[in-house]
Amino acid sequence: MRGYRYEALDGVRALAAQTVLVSHGLGMAYFLEHSPGAAAAEWFGRLSVMVFFSLSGFVIATSLSRLVASEGHRFAVPYAVHRIARIWPPLALAILVTFAVGWLGHNGLPLLTKTGDAYRLDLVAFLRGLTLTFAPGDATFVIDRALWSLRQEVYLYAVAAFAAWAIVGRGVRRGLGALAVLALVGVTADRFFYLQSLALFSAGAAAALYGTANLRLRAVAASPVLPPVTLLLLAAPLAFVGDPGFIDAMSEGKVFLAYQAALGVPVALCLLRLATSEGPASRFFMRLSGAAAFSYTLYVIHVPVMTLVFSLRAHLGVAPGLAGTTATLVAALLAAEAASWAAALLVERPRFFRKLLFRLLGATGLARQETRFRSASSV
C-alpha cells in the first residue's frame, strides 16, 4: 500500500471541505428551511461528509496496516497518539470559537443559529464539547452543528482500532477486540447515521486494504465507466429536492439512508482510482492538495464564524436586500477561510503535537520514542 498517491486524496479532502462551507453559507444566506434550494444545499453538504467518511476509512486502514507491520500488537498507543494529535488541537480551537460566539449571543447579539434554541455555556458544556459528548442543549450542539460528523469520525477510529486488535491480537486481546467492535456497533445501531457512516468508512478501508493486491478490484476502479456512473448516483437524489420531506428523509428515511450507505462502494472505488492512477482527474485533485493544510480547521470552525457574520449583519441592520445578502455571504465565506488558514498554522500541526505527546508519554514510561512510529506512517 505504499504506492498510493495521497496528494490526490488530499485534494479530495480540500474540495469536500470547501463544498461543506459553501453549502452551509448558501443555506444561511438564501434558503428557507425545507425549500428546494435548502434541500439541494443540504444534499451537497451531506455528500461531502460521506466522502469524508470513505476517505477516512481509506487513510486509516493504510495507516493501521503500516503501524501493525511496524509495531505488531503494540500499535494501540502510537495509533491513539496520532489520532489525538490530529483531531483535538483544532477541535479545542473550535470549541473556544463556538463559546466566544455563544457568549456574544448571551450578551446582546441575537444569534441566527439553525434552530434558534437556547444553549448552555457552563464548564460542563465546555468539557462535553472538548470530549465530543455534547448534549442537545450545549452551545457546541446548537452553534457548531457541523461537529456531529466529527463525533462519528472519532467513533469510527475506535471501531477500526478494535477491529485491528481483533485481527492481530493474541489470546484474550483478540477476543476483547472483537467484543469491543460488536459492542460499539450495537450501541450505535439505532442512532443518527452511525451505521451509514460505518458502511462508508468500511468501504474506504476495504478499497485501501485490497486495492494493491486484488487485480480485479483495480480493474473496476480503473474502468472509464466508474466516474460517470458514480456522479449519476450521487446526483440522483437531486430529482427529489422538491419534496418537502427531503431533508428529514436524509436522516430518517430508511430507504434513503440505505442508499447513502451503498454509495460508499462507488465512492471508495473512485478514491482508489485517484490514489493509483496518474490521469487527468488525479492531476486535478493534486493541484487542490495545498488547501488540505487547513481543511480540517475550516470544517470545524466555519459554522460559528459564519453565524457571527450573518448575526452581526441582522443585528446592525446593514447591507439590506438581495445585494446585501450576497455581500454578507461573500464576507462570511472569506472570514471563515481567513480565520481557518491563520488558525491552522498553529493547531493543524499533527507532527508537532504527536512529538509532544510522545515526549510526555515517554517521560512516564508509557511509550517509546516517536521515530519508529513516524517511519511507519506519514498519513
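Visitor: What makes Leu182 exposed?

Guide: Leu182 has a relative accessible area of 60%, and exposed means over 50%, buried under 20% and partly exposed in between, with a 1.4 Å probe and protein chains only. So Leu182 counts as exposed. Before we go on, please note that this is a predicted model, where local features need pLDDT of at least 70 and side-chain atom pairs count only at pLDDT 80 or more, while totals for chains, interfaces and linings use all residues. Residues are numbered from 1 along each chain as its sequence is written, and side-chain values use heavy atoms, with hydrogens and water left out.

Visitor: Where is Leu182, and which patch is made with Leu182?

Guide: Leu182 belongs to helix α7, residues 172-188; helices here are DSSP runs of H or I with at least four residues, numbered from the N terminus. Together with Val172, Leu176 and Leu179, Leu182 makes a nonpolar surface patch of about 430 Å². Patch members have over 30% relative accessible area and no salt bridge, and nonpolar side chains (Val, Leu, Ile, Met, Phe, Trp, Tyr) are joined within 5 Å. The areas come from the Shrake-Rupley method with a 1.4 Å probe.

Visitor: Why is the pair of Trp43 and Phe256 called tilted?

Guide: Rings of Phe, Tyr and Trp (its six-membered ring) pair if their centres lie within 6.5 Å; planes under 30 degrees apart count as stacked, over 60 as edge-to-face and the rest as tilted. By this rule the count comes to 18 aromatic pairs. Trp43 and Phe256 are 5.3 Å apart, centre to centre, with 35 degrees between the planes, and the pair is therefore tilted. Trp43 lies in helix α2 (residues 36-71) and Phe256 in helix α12 (residues 254-262), so parts that are 213 residues apart in sequence are tied together. Both Trp43 and Phe256 are buried.

Visitor: What makes the pair of Phe352 and Phe353 edge-to-face?

Guide: Their planes stand at 75 degrees and their ring centres are 5.2 Å apart, so that pair is edge-to-face. Phe352 is partly exposed at 42% relative accessible area, whereas Phe353, at 19%, counts as buried.

Visitor: Which charged end sits over the ring of Phe352?

Guide: That of Arg349, 4.6 Å from the ring centre. A charge sits over a ring if NZ of Lys or CZ of Arg is within 6 Å of the ring centre and within 35 degrees of the ring normal. Arg151 lies over the face of Phe134, at 4.0 Å from the ring centre.

Visitor: How do you know that Glu42 forms a salt bridge with Lys114?

Guide: A salt bridge is a side-chain nitrogen of Lys or Arg within 4 Å of a carboxyl oxygen of Asp or Glu. The closest N and O atoms of Glu42 and Lys114 are 2.9 Å apart, so the pair qualifies. Glu42 is in helix α2 and Lys114 in the loop between α3 (76-105) and α4, 72 residues apart. Glu42 is partly exposed at 25%, and Lys114 is partly exposed at 43%.

Visitor: How many salt bridges does the structure hold?

Guide: Five. Among them is Arg86 with Glu348, where the closest N and O atoms are 3.4 Å apart. Arg86 lies in helix α3 and Glu348 in the loop between α16 and α17 (350-364), so this pair ties together parts that are 262 residues apart in sequence. Arg86 and Glu348 are both buried.

Visitor: What about Asp138 and Arg128: buried or partly exposed?

Guide: Asp138, at 1% relative accessibility, counts as buried, and Arg128, at 22%, counts as partly exposed. Asp138 forms a salt bridge with Arg128, with the closest N and O atoms 2.7 Å apart.

Visitor: Why is Ser340 called buried, and which backbone oxygen lies 2.7 Å from a polar atom of its side chain?

Guide: Ser340 has a relative accessible area of 0%, so Ser340 is buried. Ser340 is found in helix α16, and the backbone oxygen in question is that of Ala336. A polar contact is a pair of N or O atoms within 3.5 Å; within protein, one must be able to donate a hydrogen and the other to accept it, and residues adjacent in sequence count only if both atoms are side-chain atoms.

Terms used:
Patch = residues over 30% accessible without salt bridge, like charges linked within 9 Å, V, L, I, M, F, W, Y side chains within 5 Å. Helix = DSSP H or I, 4+ residues; strand = E, 2+ residues; numbered from the N terminus.
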